[in-house]
Amino acid sequence: MRYLMLVLTDPDLDTPEEPPVSIEQWVDEAYGTDRAVEGDRLRPASEAKTIRRRRREVIVSDGPFAEAYELIGGFDVLECDTLEEAVELASRHPMATAGVIQLHPAWPLDL
């Protein structure tokens, strides 16, 4: 099963604790075992665009989706057998300590 793992900042966190592994170790663990198949950092939210279509008009706004105080800083696509495995892998990412991780199960179009 595929999961979109969003890596978010947490502006309310004052002093993060020490993560269990470095980002380099997490990348080696996740990508070295083929449990992560794609990922990257994202440019700052100020460079993002939000697109909506309303009444046949395309509306393009600057920035991330409305009212998002936790900004998405990166993403990974995980390939794990179970949700529990994806949670375990995501929980070891350094930003689980210094920010927030969201897991979104993919919903393949052919199902």
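**Briefing: contacts, core and surface of a predicted protein model**

Cys-80 touches Met-1, Tyr-3, Arg-35, Glu-85, Ala-86 and Leu-89, leaving out residues up to four places away in sequence; contact means heavy atoms within 4.5 Å. This is a predicted model, in which local features need pLDDT of at least 70, side-chain atom pairs count only at pLDDT 80 or more, and totals for chains, interfaces and linings use all residues. Residues are numbered from 1 along each chain as its sequence is written, and side-chain values use heavy atoms, with hydrogens and water left out.

**Overall build**

- The protein has three helices and six strands, where helices (H or I, at least four residues) and strands (E, at least two) are DSSP runs numbered from the N terminus.
- From the N terminus on, these elements follow the order β-α-β-β-β-β-α-α-β.
- Of the contacts between residues at least 6 apart in sequence, 75% join residues at least 24 apart.

**The nonpolar core**

- Cys-80 belongs to the largest nonpolar core, which has twelve residues, including Tyr-3, Trp-26, Ala-86 and Leu-89.
- Such a core is a set of buried Ala, Val, Leu, Ile, Met, Phe, Trp, Tyr and Cys residues joined through side-chain atoms within 4.5 Å.
- Strand 1 (2–8), helix 1 and helix 2 (83–91) each supply at least two residues of this core.
- In soluble globular proteins, nonpolar side chains tend to be buried together.

**Arg-35**

- Arg-35 lies in the loop between helix 1 (23–32) and strand 2 (36–41).
- Arg-35 counts as buried because its relative accessibility is 15%; buried means under 20% relative accessible area, exposed over 50%, and partly exposed in between (1.4 Å probe, protein chains only).
- The side chains of Arg-35 and Glu-29 are joined by a polar contact of 3.4 Å.
- A polar contact is a pair of N or O atoms within 3.5 Å; within protein, one must be able to donate a hydrogen and the other to accept it, and residues adjacent in sequence count only if both atoms are side-chain atoms.

**Thr-97**

- Thr-97 is found in helix 3 (residues 95–98) and is buried, because its relative accessible area is 16%.
- Thr-97 and Pro-19 are 78 residues apart in sequence, yet their C-alpha atoms are 5.6 Å apart in space.
- Beyond its neighbours within four places in sequence, Thr-97 is in contact with residues including Leu-13, Pro-16 and Pro-20.

**Ile-51**

- Ile-51 is part of strand 3 (residues 49–54).
- Ile-51 counts as exposed because its relative accessibility is 57%.
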